[in-house]
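This report covers a helix pair, a disulfide and some backbone details of one protein model.

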Amino acid sequence: MPKPLWNEIYIPQAQGSANKATSARKALLSLVSVALTIKLLFFTAYGTIWENPREVIGGGSVCAQPRTGSPFSDSLYLAHSLNLSHESAVRLAGAVKIPTMSFDDMGPVNEDRRWEPFKVMHSYLRSTFPKLHAELDLTIIGGYSLVYTWPGSSSLAKPLMLTGHIDVVPSLTSLERWTYPPFSGTIDGDWIYGRGSGDCKNNVIGIMTAVEYLIASGWKPKRTIILAFGQDEEISGPRGATNIGKYLQGKYGMYGIAMILDEGGMGLETLYGREFALPGIAEKGYLNVEIQVDMLGGHSSIPPSHTSIGILSKIVSAIEDAPVFQPHIERSSPIWGYLSCIAQHGDSASVPSWIKNAIEGLDPDLDSVARKFAETSIGNRYLVQTSKAATIFHAGIKSNALAESARVLFNSRIDLFSSPAIVRHEYHKLIQPIAEKYSLLLEGVSPSPSQSIGNITIEWNSAHEPSPISPFTIASDAWRIFSQSVQASFGPDVITAPSAMTGNTDTRFYWNLSKNIYRWSPTRTGTKLNIHTVDEKIKIKTHVEGIKFYTELILQSDEEWGSDME
């Protein structure tokens, strides 16, 4: 088991040099502490590391950015020079080795043995982050979800909340295709391999490393800091985030938390000649639509004109073929904000004219903008359009027997400006003509005068609305602090621009906790690969940069914020 990062700095040793190495460790750790102390003194004197934190680039535009200089001191670069990237890699690899898989049918935590690895994970975190566990208060929720509280000295400042999850998707198939076994936690050159290395044990370990580092330096927060790590995000958080949200709302009240940062977003990407950080400031809604056709069975040698499988196939085709959901953008959309940032900060020669014309125009055709944006990629299409995908199909058990029932599940991720009710209405409109044409009841009601030959039922499950849209202009202290932390970590020329999430995170259970919810994993494009599939991996440098970002966010969040935050 790897030793804690701040307890012992990794230094390659020759035999017989143990005493010298011990002295070197103490000296080097002192240097790290001194560097951080200098930085923190500067924070105390000036409130932030910037000359003027509220000075902005771009004036009052949608994509105004903080005007920043170089950080006064950079203790994380000092740490990197002391070979701490190796220790960070070992720490993450150790967490990856623990197979905290969550399955859709997980039973109670005190009965289902598949929860056993989570006990091992708890033990690993205690031994790996001893200072954190000595300093912070820990509440265990839902069996294995962790809520750490680092009390701040100010009772007036709302807390900062950093979140992630300790569970991973199962990795039990296609094992022969992995370069290394999924739970080996192998470090190979610049990469850490294994399930959870990129989703999202890197976030959890990065956050905890940043806090361990700050505690070791002697820093104390004014603003309370909450770390919340769910146990079952990959199965929609029924025991973890669901109860974490209730617990924290009971403790801090409605909108009682200043800002929440979770996994997600689009990381850092170079677009149109400029590097952009793209946090998700909203995520789409959700709906599962389960459609079942029930008809008489019988022997396959004397089939009717239409079977349950045939009718259901027509329904699937009708839903797939119908262009009922179209790209949609409004001025309050994060994607309009994103396009504004591209137009303002991208290389003028590279930015398409349709973007510049739309942003600079007085009355842009938003439908046309949405269509053009959707045409740029399939991923971009579903940032602005409700999706519909058949994901599960069940029918038949024998080659010579007609299936009495056939069932399909459609999953829809709902556009930010739509709703589950609208989506239900569209599905129903597509199914009804088929029920009428082939003389089937629809939900027990006959749309046809002919005698019914069967019944179609629809179940609407797991529905939730699209999330609120968090602030994404420099007028928001939360957005400004987030942007400054990005620039301090990745460079003053990085532009922070809003984006959205096509998937869902644990934050759907935290909407009542804060109006400032940002979903962003601090990783550059191409340095975190193969999430949820074979050979998941992350670059060591990327993991270290994440630690740096979390440290900066904690420090910069500790300054005084405006009335919109408190």
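Helices are DSSP runs of H or I with at least four residues, and strands are runs of E with at least two, both numbered from the N terminus. The model is predicted. With that naming, Ser236 falls in the loop that links strand S8 (225–230) to helix H7 (241–252).

**Backbone details**

Most residues other than glycine have a negative phi, and most peptide bonds are trans. Ser236 has a positive phi, near 80°, and is not a glycine. At 38% relative accessibility, Ser236 counts as partly exposed, because the range for that class lies between 20% and 50%. Asn530 also has a positive phi, here near 65°. Asn530 sits in the loop between strand S23 (528–529) and strand S24 (537–539). Its relative accessibility of 32% makes Asn530 partly exposed.

The peptide bond that joins Asp199 to Cys200 is cis, and its omega is near -15°. Cys200 belongs to the loop between strand S7 (191–193) and helix H6 (201–217). With a relative accessible area of 1%, Cys200 is buried.

| Residue | Backbone angle |
|---|---|
| Ser236 | phi near 80° |
| Asn530 | phi near 65° |
| Asp199 to Cys200 | omega near -15° |

**The disulfide**

A disulfide is a covalent bond between the sulfur atoms of two cysteines. How many disulfides does the model have? The count comes to one disulfide. It is formed by Cys63 and Cys341, whose sulfur atoms are 1.8 Å apart, and a cut-off of 2.5 Å applies to such pairs. The link of Cys63 and Cys341 is right-handed, with 105° about the S-S bond. Cys63 lies in the loop between strand S1 (56–57) and strand S2 (65–66), while Cys341 is in helix H9, so the pair ties together parts that are 278 residues apart in sequence. Cys63 is buried, with a relative accessible area of 1%. Cys341 is buried too, with a relative accessible area of 1%.

**Helix H9 and helix H11**

Two packed helices are described by the angle between their axes and the distance between the axes. For helix H9 (residues 334–345) and helix H11 (residues 366–374), the axes come within 12 Å and cross at roughly 80°. That angle makes H9 roughly perpendicular to H11, since the range for this term runs from 65 to 115 degrees. Which residues of H9 and H11 meet? From H9 these are Ile335, Trp336, Tyr338 and Leu339, and from H11 they are Leu366, Val369 and Phe373. By class, the contact of H9 with H11 has seven nonpolar residues, no polar ones and no charged ones.

How values were computed. Residues numbered from 1 in each chain as written. Predicted model: local features only at pLDDT ≥ 70, side-chain atom pairs only at ≥ 80, totals over all residues. Heavy atoms only, no water. Axes fitted to C-alpha atoms, helices over the stretch in contact; angles between N-to-C directions. Parallel < 35°, antiparallel > 145°, perpendicular 65-115°, else oblique. Contact = heavy atoms within 4.5 Å. Nonpolar A, V, L, I, M, F, W, Y, C, P; charged D, E, K, R; others polar. Buried < 20%, exposed > 50% of the residue type's maximum accessible area, 1.4 Å probe, protein only.
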